[in-house]
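I opened my notebook to go through this model element by element. My entries follow the structure below.

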Amino acid sequence: MGVLKKNIFKDMIKVAVHLGHKKSEWNPKMGYYILTECRNLHIINLVQTAHFLSGTCDFVLDAARKRKEFLIVGTRTYAADLIASAAKKAGCHYVNYKWQGGLLTNWSTTKERLERFRNLKQKYDSGLFHRRRTKKEIALIEKQLALLQQYLGGILYMKKLPDIVIIVDQQKESTAVRECRALGIPIIGLVDTNCDPDLVDIPIPANDDARGSVGLILNKIMSAVSYGYNTINKQPNLKL
């Protein structure tokens with residue numbers, strides 16, 4: 001699949017995909033993905049990045065054609081809007097504010113919360129609450145809805161556990177990683193030089209601290225997902 005352009009290396013350098021952490025912060029397991037060091041920083045081998053990114057795009061394309069559902073997780077402030085935008089365009093679920101412990105491993109409880117959220121939102125949007133409650137009561141409901149939207153809005157229409165989870169920042173999302181591993185859910189993960197590539201099923205060596213780097217990697221993957229869904233004529237019915 002021709003997802004990656006010929007000038008992908010130029011694009012990756014431009015957004016600092018290659019810049020890793022300080023030498024003192026590295027995880028030795030990342031040695032395979034490191035090209036060299038410069039000014040006390042490890043430099044990621046972009047040939048490896050392009051190789052794993054291309055393989056990932058092929059993998060998600062095939063999964064999307066089989067109507068698999070994806071969950072993107074990244075709660076760092078700098079990437080929150082990127083994750084929401086990319087997920088919505090591709091018809092994926094996402095968590096971009098805060099990962100709540102047990103979100104996946106305690107799925108029965110999460111499912112009940114989502115059902116209550118959907119019902120509350122439906123009643124509010126229909127105007128039913130406005131006819132039966134005071135302004136103060138409506139304000140409280142709006143506050144509750146805003147909080148629920150912040151935490152659960154990206155998975156509002158997720159009716160089952162995701163088939164594949166994409167983790168943007170392994171260090172920050174360690175709880176999400178543990179839950180996926182406990183449930184056997186495949187993980188695609190950006191792995192910076194301070195990460196453990198063994199914790200994910202498909203590692204993509206890349207700078208996970210730069211907005212441009214995360215955006216580039218995510219856009220490539222989501223383009224493949226969209227292409228896969230479109231080749232079966234219809235994306236999943238997700239109202240995101």
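**Entry 1: the parallel sheet**

I started at strand β4, residues 70-73, in this predicted model. I found β4 paired with β5 in the parallel sense, over three bridges. Within this pair, Val73 stands opposite Val95 of β5.

I then looked up the whole sheet. It is open and has five strands, in the order β5-β4-β6-β7-β8, and the pairing is parallel. The edges are β5 (93-95) and β8 (202-205), each of which pairs on one side only.

Which strands does α3 lie across? I found helix α3, residues 80-90, across β4 and β5. Its direction is at about 170° to β5.

Next I checked helix α8, residues 211-230. Helix α8 lies across β4, β6 (164-167), β7 (187-191) and β8. The angle of α8 to β4 is about 170°.

**Entry 2: the antiparallel sheet**

I moved on to an open sheet of three strands. The order is β1-β3-β2 and the pairing is antiparallel. β1 (19-22) and β2 (34-38) are the edge strands, each with a single partner, so one side of each has no neighbour in the sheet. Neighbouring strands here are turned by 30° against each other on average, direction ignored.

Cys38 stands opposite Leu41 in β3.

**Entry 3: helix α2**

I took α2 next, residues 46-65. Helix α2 has 20 residues and reaches 28 Å from first C-alpha to last. That is close to the 28 Å expected at 1.5 Å a residue.

At the start of α2, I found a side-chain oxygen of Asn45 within 3.0 Å of the backbone nitrogen of Val47. Just after the helix, Arg67 takes a positive phi of about 65°.

Which residues of α2 are buried? My list includes Leu46, Phe52, Leu53, Thr56, Cys57, Val60, Leu61 and Ala64. I wrote a reminder beside it: an α-helix has 3.6 residues a turn, so residues three or four places apart point the same way.

**Entry 4: confidence**

Last, I looked up the pLDDT. The protein averages 92, and 94% of the residues score at least 70. Over residues 235-240 the pLDDT is below 50. I still logged 21 contacts for this stretch in the model, beyond near neighbours in sequence.

Notes. Residues numbered from 1 in each chain as written. Predicted model: local features only at pLDDT ≥ 70, side-chain atom pairs only at ≥ 80, totals over all residues. Heavy atoms only, no water. Helix = DSSP H or I, 4+ residues; strand = E, 2+ residues; numbered from the N terminus. Expected span 1.5 Å × (residues − 1). Buried < 20%, exposed > 50% of the residue type's maximum accessible area, 1.4 Å probe, protein only. Polar contact = N/O pair within 3.5 Å; in protein donor to acceptor, adjacent residues only side chain to side chain. pLDDT = per-residue confidence, 0-100. Contact = heavy atoms within 4.5 Å. Pairing = 2+ DSSP bridges. Axes fitted to C-alpha atoms, helices over the stretch in contact; angles between N-to-C directions.
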